[in-house]
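Hello,

Please find the structure below. My notes on what was found in it follow directly after.

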Amino acid sequence: MNASLWLTSPVGAVLGVMLTAALAWGPLRWPELPVAVAAVLALLLLGALQPAQLLALPGNELLWLMAGAGVLGAVLQAQGVVQRVAALALRGQPGFAALCWRLTALVGATAWLLSSTSARAALCLPLFDGLTTHLPRAGQRRTLALLLPTTVLLSAGGSLLGAGAHLIAIDSLRAQGLPAPSYLGWLVWAAPFAVASCALATAVLLRVFTDPAQRHAQLLVDTSDAGPWSPVQRRLLGVVGLTVLLWAVGPVWGLGPAPVAVGAALLVAWPRVGGTDVRVALRGLDLRLLAFLAAGLLLADAVVGSGAASAVAQALAGPARSLGGVGLLALVVTVSLLLHVLIGSRSARVAVLLPVLVLPLALALPGGGGVSAPVLVMAAVLGTGFCQTLAISSKPMLLFARHPASGLAPSDLLRLSACLFPLLWLLLMGFGLFVWPALPLPSIHPAAP
């Protein structure tokens, strides 16, 4: 397709809208939801989206999945379940390094309990406040202020519900008729990377921001007043365990994750089970997040349905063949790790990155050059979890960077980013070339044409 056709065709119009949205989300730092809505309206006017697609959104299972997970997380937080789990890190009066490793494990585990990184970071703030009174040295406080949001961001990749960006990735793969990981498939592929990246980040933080005396300093924290788990908390833990089990094995019986999430949400919202008012449970419905997710799904559908993705694939066919599989993976990993400097929203990064770059590149290379489309998509999505360079690059980092007790300076974030970038690049390349191709990928069926 020549340049004039690109400019006058629906393909050019769709790509123009997507690039304009990327500019608004990136350098201009405009609010993500109004930009996404404006882009959807523009595509509707251009005919790249049909009103029927908009009307079909209330039936989208991914939106129901995120809504159910949000309600479940709100009740768990209101009843102190997540807080009780986090308090386990303080038992036994550990040294500072041991405390950091415990917090990495426990904060990382909340990715399977809460679906919002912002909510998980907000949950860590009271814990940080309580711990800073026992951390007399500035290096320890800075380390903890970086550790908590970094763990929140990197661990989110291990759960399908850890970020709305993951659901956009699933929808993009299905729209192209490609295998998309199920809840269990995402767990098999992404959880090992999330664990490895969190452990790597913790080791880097302890090494770079503390000296040996600070790492081995013992903390004297009294947690004896926690008391036993209440009946409501035990019931909620049971609901969470059953929910995760059904998410893992439900596809065997044709049971999707969305009905399971909605059923769990209804169950915990019932006062006799969750022990809380329905209004408290409904606070977990982040309407702005759901609206942005819906807009992101529509944008991805427009890029595919208009033929823009295939047109970009044709244009990139030559360069993609010259790169080969390893070069293609290296390009995707590099772009995904750096894109947070331009686009602050994780979902916005994926909404732009997958349909405009990753999937067209994957489709342009016959046989993927030894690298499959699911591998490229997984590398791209998990790479977007790296967003520590600037405080405005992510909401969790912004919460802690602005906290008066953190003592963080912009140079601290740049220092952490400079250390993590090459290590995460190598880790993603290793997983993309050796680990994921060797693992099975439990999948869900592609979307019907």
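Helix α9 and helix α23 are oblique to each other, since this label covers whatever is left once angles under 35 degrees are called roughly parallel, over 145 roughly antiparallel and 65 to 115 roughly perpendicular. α9 spans residues 138–155 and α23 residues 410–435; the two pack at an angle of about 45°, with their axes 12 Å apart. Axes here are lines fitted to C-alpha atoms, for helices over the stretch in contact, and angles run from 0 to 180 degrees between N-to-C directions. Helices (H or I, at least four residues) and strands (E, at least two) are DSSP runs, numbered from the N terminus.

On the α9 side, Arg142, Leu146, Thr150 and Leu154 meet Asp412, Leu413, Leu416, Leu420 and Leu424 of α23, where contact means heavy atoms within 4.5 Å. By class, the contact of α9 with α23 has 6 nonpolar, 1 polar and 2 charged residues. For these classes, Ala, Val, Leu, Ile, Met, Phe, Trp, Tyr, Cys and Pro count as nonpolar, Asp, Glu, Lys and Arg as charged, and the others, Gly among them, as polar.

Before the rest, a note on the source. This is a predicted model, in which local features need pLDDT of at least 70 and side-chain atom pairs count only at pLDDT 80 or more, while totals for chains, interfaces and linings use all residues. Residues are numbered from 1 along each chain as its sequence is written, and side-chain values use heavy atoms, with hydrogens and water left out.

Overall, the protein has 23 helices and 2 strands. Of its 449 residues, 54% are buried (buried means under 20% relative accessible area, exposed over 50%, partly exposed in between, with a 1.4 Å probe and protein chains only). Among contacts with a separation of 6 or more, 82% are between residues 24 or more positions apart.

Helix α2 (residues 10–25) packs against helix α3 (residues 32–46) at about 170°, and their axes are 10 Å apart. α2 and α3 are therefore roughly antiparallel. From α2, the contact takes in Ala13, Val14, Val17, Ala21, Ala24 and Trp25; from α3, Glu32, Val35, Ala36, Ala39, Ala42, Leu43 and Leu46. The contact of α2 with α3 counts 12 nonpolar residues, no polar and 1 charged.

The axes of helix α7 (residues 96–109) and helix α11 (residues 183–209) come within 10 Å and cross at roughly 155°, so this pair is also roughly antiparallel. The crossing of α7 and α11 is right-handed. Phe96, Ala97, Cys100, Trp101 and Thr104 of α7 meet Cys198, Ala199, Thr202, Ala203 and Leu206 of α11. Here the classes are 8 nonpolar, 2 polar and no charged residues.

Helix α11 also holds Pro192, which is partly exposed at a relative accessible area of 35%. Leaving aside neighbours within four places in sequence, Pro192 is in contact with Leu187 and Phe431. Pro192 and Phe431 are 239 residues apart along the chain, and their C-alpha atoms are separated by 9.3 Å.

Ala295 sits in helix α17 (residues 287–305) and is buried, with a relative accessible area of 4%. Its contacts beyond four places in sequence are Ala36 and Val40.

Thr384 is in the loop between α21 (373–383) and α22 (395–401). Thr384 is buried, at 0% relative accessible area. Not counting residues up to four places away in sequence, Thr384 touches Ser336, Arg346, Arg349, Val350 and Leu353. The C-alpha atoms of Thr384 and Leu337 are separated by 5.7 Å, at 47 residues apart along the chain.

How many salt bridges does the structure hold? There is 1, taking a salt bridge as a side-chain nitrogen of Lys or Arg within 4 Å of a carboxyl oxygen of Asp or Glu. The side chains of Arg279 and Asp277 form this bridge, at 3.0 Å from N to O. Arg279 is exposed, with 63% relative accessible area, and Asp277 is partly exposed at 36%.

Regards

Definitions and conventions. Left-handed = near helix turned anticlockwise from the far one by under 90°.
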